[in-house]
Amino acid sequence: MALLSILVLFFLPLLSFLLLKGKKKNGKGFKLPPSPPGLPIIGNLHQIGSLPHRTVAQLSKKYGQVMVLHFGRTPVVFVTTPEMAKEVLKNQDANMCSRPPLQGPRKISYNFKDISFTPYGEWWREIRKICALELLSPKAVQSYMFVREEEIALMVDSITKVSPAPVDLSEKLASITNKVISRTAFGKVYKGKDLDNGKLTEAVGEVLLCLNNFSREDFFPTFGWIINMLTGYTARIDRALHNMDKFFEKVIEYHLDSNRPKPDREDIIDVLLRLQRDQSSRVPITKDHIKGVLKDILLASVDTGGLSMVWAMTELARHPRVMKMVQAEIRSYVGNKGKVDESDIESLHFFRATLKESLRLHPPSPLLFARETMSDCKLDGYDIPNKTRIHVNVFAVQRDPRYWKNPDEYIPERFIDNPIDLNGRSYEYFPFSSGRRICPGITMGLAIVEPILANLLYSFDWKLPSGMTVEDINMEESFNLSVNKKTPLILVPIPYECKTA
Ligand code: HEM
């Protein structure tokens, strides 16, 4: 029996790997895209490294704009040029906009009852529509401007108080994004003691581990879960999910409480609970569906929003010339008003260019989320079978030297007098993605990120901690589907008013 198990565990994957290779070589079956030579059983897994977006960009220089990496038994297609991105995200989007049923996303999405990871279908179409209308439309986003203004004022105040002590901007930016999203989408900020002694932030960090899309359980279905169990990974994720679930229970309980003060307008949870009660949506909504959406809002926005701002401030700290220019623009436009209003932002062209350039170099989700084909198709002349996983490497696309001069350099000026916007209409630049799966939260994301950054730049000069030079700023990345700055960004704030007084 034991011998049989070993045979099944090791030789079945090997057999299917060889069969796949055979089909590719004899040219009679599928003509799969090129692939770097791999090892038996693990395929190319040993080559992917801790920063897959960079490895894939590098490998594609040799293997081409459409290539396959084999992770265990699973072939995964990567595309790395604007032309192929357009093919996946536009021309063949209708066939390539589903999601593969990966194990991490399955767990965190309450078995695909969310938006981000749920496969293409009726529920996904309906819930995207509901969120777009009730939470993410320009009108809905505008109605929560007061929340952003209050939280920005509190943040500026708290930084002024500690100045000139160094500030952990990574922590500050994650915290304000969290508060703004909580108040906007969940009705209030849920303080630590309400939440099992504030384990939510830790839980969010841990849960993000589930999302890296390159998990053992997916590539080695037969024994990956055993390794995950033995290494303690499963227990760690389950604990984090349990804490997050407890948070969602509290949030829903709060919304069902008849003693809750009547809000001026329904938030997204009120809306979903109403639809559930009235059974008035086209698709059934259960408590798990509501939790799935809460998960999306929390993870899709808090993580991406926070890290976009950290990279934007990091690049400015590394480029003091640009920092001076952007501050001069903001301060001369805003004058002595004391704060940047959201209505000012549209006129701050250079400021917006700095954000666009930072999103070009550091797209928050550099491989986008995994997509899955819904039927056999062709890509760049290669055969792509039904149910194949595809990643679009937006990191590589946004540094394609055919489209971007000095692609690795931070040059915000390239976005001045340049019609490229953030709405996914240009296939050489789409930090929020494009096509049917485009981020539905662009308006809200920008409404959070832009005024926070503009106010930080207006209200403070930012210096490096004593003894540190621009070259010492650590640019290391950590990959978890999204790419964070590995070490916190610590800068010294000098209030602007003090300097001018
Ligand atoms: C600066 C902020 C943000 C950035 C850079 C960003 C970026 C992205 C990206 C790149 C995707 C992947 C799309 C794909 O796989 O093709 C995505 C998906 C998504 N984002 Fe955002 N996002 C941001 C803010 C938000 C906010 C504020 C929300 C909602 C409150 C949100 C909700 C979502 C959802 C639900 C999806 C999944 C869409 C689907 O699969 O249909 N995002 N986002």
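**View A. The hairpin of strands E9 and E10 in the predicted model.** In this predicted model, strands E9 and E10 form a hairpin with one residue between them. The residue in the turn is Leu481, whose phi is positive, at about 80°. Strand E9 covers residues 477-480 and strand E10 covers residues 482-485, and the two pair in the antiparallel sense over four bridges. Among the facing residues, Glu477 has Lys485 of E10 as its bridge partner, while Phe479 stands opposite Val483, also in E10.

**View B. The open sheet of three strands, E3-E11-E8.** The strands of this open sheet follow the order E3-E11-E8, and their pairing is antiparallel. Strand E3 (167-168) and strand E8 (460-463) stand at the edges, and because each has a single partner strand, one side of each is left without a neighbour in the sheet. Strand E11, made up of residues 490-495, is joined to E8 by four bridges, and these two strands run antiparallel. Within this pair, Trp462 stands opposite Pro493, a residue of E11.

**View C. The open sheet of four strands, E1-E2-E7-E4.** Here four strands form an open sheet in the order E1-E2-E7-E4, and the pairing is mixed. The edges are held by strand E1 (66-71) and strand E4 (371-372), each with a single partner strand, so one side of each is left without a neighbour in the sheet. As background to this view and the previous one, strands of a sheet pair through backbone hydrogen bonds, and they do so either parallel or antiparallel. Strand E4 pairs with strand E7 (residues 389-392) in the antiparallel sense, over two bridges. In this pairing, Glu372 has Arg389 of E7 as its bridge partner.

View D. The iron atom of the ligand has a single donor from the protein, the SG atom of Cys439, at 2.3 Å. Cys439 lies in a loop, with helix H18 (394-397) on one side and helix H19 (442-459) on the other. Cys439 is also listed among the closest residues around the ligand, together with Arg99, Trp124, Arg128 and Ser433.

**View E. The shell of residues around the ligand.** The ligand sits in the largest cavity, and 26 residues surround the ligand. By class, this shell has 13 nonpolar, nine polar and four charged residues. Helix H6 (122-134), helix H15 (287-318) and helix H19 each supply at least two residues of the shell, and H15 gives the most, with five residues.

View F. In the side chain of Arg437, an N or O atom is 2.9 Å from an oxygen atom of the ligand. Backbone atoms also take part in this view: a polar backbone atom of Phe369 is 3.1 Å from an oxygen atom of the ligand, and a backbone N or O atom of Ser116 lies 3.4 Å from an oxygen atom of the ligand.

View G. The peptide bond that joins Ser163 and Pro164 is cis, with omega at about 5°. Ile41, a residue other than glycine, has a positive phi, near 70°. The loop that holds Ile41 runs between helix H1 (2-26) and helix H2 (52-63).

Key: Residues are numbered from 1 along each chain as its sequence is written. Side-chain values use heavy atoms; hydrogens and water are left out. Donors are N, O and S atoms within 2.8 Å of the metal (3.2 Å for Na, K and Ca); water is not among the atoms, so sites may look incomplete. A residue is near a molecule or strand if one of its heavy atoms lies within 4 Å of it. A polar contact is a pair of N or O atoms within 3.5 Å; within protein, one must be able to donate a hydrogen and the other to accept it, and residues adjacent in sequence count only if both atoms are side-chain atoms. On a 1 Å grid over the protein atoms alone, a cavity is a set of points where a 1.4 Å probe fits but cannot get out, and a pocket is an open set with protein on both sides within 12 Å along at least five of seven lines; lining residues have an atom within 4 Å of a point. A molecule sits in a cavity or pocket if more than half of its atoms lie within 2 Å of its grid points. Ala, Val, Leu, Ile, Met, Phe, Trp, Tyr, Cys and Pro count as nonpolar, Asp, Glu, Lys and Arg as charged, and the others, Gly among them, as polar. Two strands pair if DSSP finds at least two bridges between them.
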